Amino acid sequence: MEYLPPPSKSSAGTYWSTKTDDELLSTQLTTDDPESLEDLSEDQPPIEEALVEMAYNVSGRERGMVRCVFCKHPNHFNGVVMRYKSGTRRLVGRDCAGKHYGVTFDLLARDFDAARDRRDYVEQQRLVMARDRDILGMMAAMRADPSVAEFGEVRRRLREFVGEKLWPKLVRIADGDGRLVVERRVVNYAAMETGRGRQSVFALVGDSYLRGAELVRSGPTVAERLRDIEERLTGVVATLRRDGVSTGTLRQNIVMLADLLREVERERVRMRAVNTFFDGSNGGGLGKFASWLADNGKQGVSVLSLPYRLYDQGRSNGHLELCPSPHYRIPGADLIEVMRDTTVRPSKRRKATR
Ligand SMILES: [Zn+2]
């Protein structure tokens, strides 16, 4: 049975916890090439104080697994580098180290894992701090983009175009499954032959999907949602900018940042609904919408092109046309990029670049 000296209460598992963030950032805590480390030995580990210095992960490499100092053959993809007081190193599988060193190893591993976790989060925190002006500036620019207001304006004008009578029905469709069902009264031949039942019945004659339903859906406008996102984003950035933030708070705020990123993306998807709605060429969504209007009692609506637009000639005060402006765009691509940059976990980023 291998042996590590029992931890003195003040030393074991406290090596990494005394390091500052800057020290953690300048220390290598992971390796994918553990055999290249200096002072590496395959001899039986000495009986002296030790620490978990690094974690190794070699999964997927051609050379295969790492030789374990206890198992004495290559049988680990993941493990740790132990460094002993006299300066030598040993490569050990995690489970093996736990088996041989027991509670002492648990303390050492916990100390190390906490440091590695913190290092990852601090790295992200620094990234955010380095770019916080960009993030908040781009957020403000996105919110101020005229297209954000235009989304609400197009929706308002569509409501006017459709009319107050039909609008609630359209919103229900958009909030629901998006099916534009058209039913017409048709002759019931069976009833005519037998003389029983109704002479005419309603039957499904058209069934298509409302394209760009997000434009019609109820709920806050894009501008309102972006205002709310900006408020929370400002809070997250302010927290990350503070000194001495605990690892838990760092993690929580970086998770929030990733959530906010998804919310910004969702608003960009919503904004794309304007393009989808008014795209008449692909699948003829606009044409189907116009015929749905006609089937619901709104006559005189046609679809014109260049650009695709709804045209209502049946107005008492002349005609009404509806389409987005040629300047309509989806803002915030730069914001998404910088936010994505700062929310990818460093460990994943390192793996991705290899
Ligand atoms: Zn082993």
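Reader: Which residues have the most contacts inside the largest nonpolar core?

Author: Nonpolar side chains tend to be buried together in soluble globular proteins. Here the largest nonpolar core has 42 residues, and Leu 215 and Val 274 have the most contacts inside it. A nonpolar core is a set of buried Ala, Val, Leu, Ile, Met, Phe, Trp, Tyr and Cys residues joined through C-beta atoms within 7 Å. Buried means 20 or more other C-beta atoms within 10 Å of a residue's own, exposed means 12 or fewer, and partly exposed is in between, with C-beta atoms placed from the backbone. Keep in mind that this is a predicted model: local features need pLDDT of at least 70, side-chain atom pairs count only at pLDDT 80 or more, and totals for chains, interfaces and linings use all residues. Residue numbers start from 1 along each chain as its sequence is written.

Reader: Which helix gives the most to this core?

Author: Helix 7, with nine residues. Helices are DSSP runs of H or I with at least four residues, strands are E runs of at least two, and both are numbered from the N terminus.

Reader: And what does Leu 215 touch?

Author: Leaving out residues up to four places away in sequence, Leu 215 touches Val 154, Arg 155, Leu 158, Ala 273, Val 274 and Phe 277. Contact here means C-beta atoms, placed from the backbone, within 7 Å.

Reader: Val 154 and Leu 158 sit in helix 3. Which other residues of helix 3 are buried?

Author: An α-helix has 3.6 residues a turn, so residues three or four places apart point the same way. In helix 3, Ser 147, Val 148, Glu 150, Phe 151 and Val 162 are also buried. Looking down the axis of helix 3, the buried residues fall within an arc of 155°, so they line one face; the arc is that of the directions from the helix axis to the C-beta atoms. The face turned away from that buried side carries the exposed residues Pro 146, Arg 156 and Glu 160. Just after helix 3, Gly 163 takes a positive phi of about 95°.

Reader: How do I read the sheet? In what order do its four strands come?

Author: Strands of a sheet pair through backbone hydrogen bonds, either parallel or antiparallel. This open sheet has the order 1-2-5-6, with mixed pairing; two strands pair if DSSP finds at least two bridges between them. Strand 1 (30-31) and strand 6 (89-93) are the edges, each pairing on one side only. Strand 2 (residues 50-57) and strand 5 (residues 78-84) are antiparallel over seven bridges, and Met 54 stands opposite Val 81 in strand 5.

Definitions and conventions
Contact = placed C-beta atoms within 7 Å.
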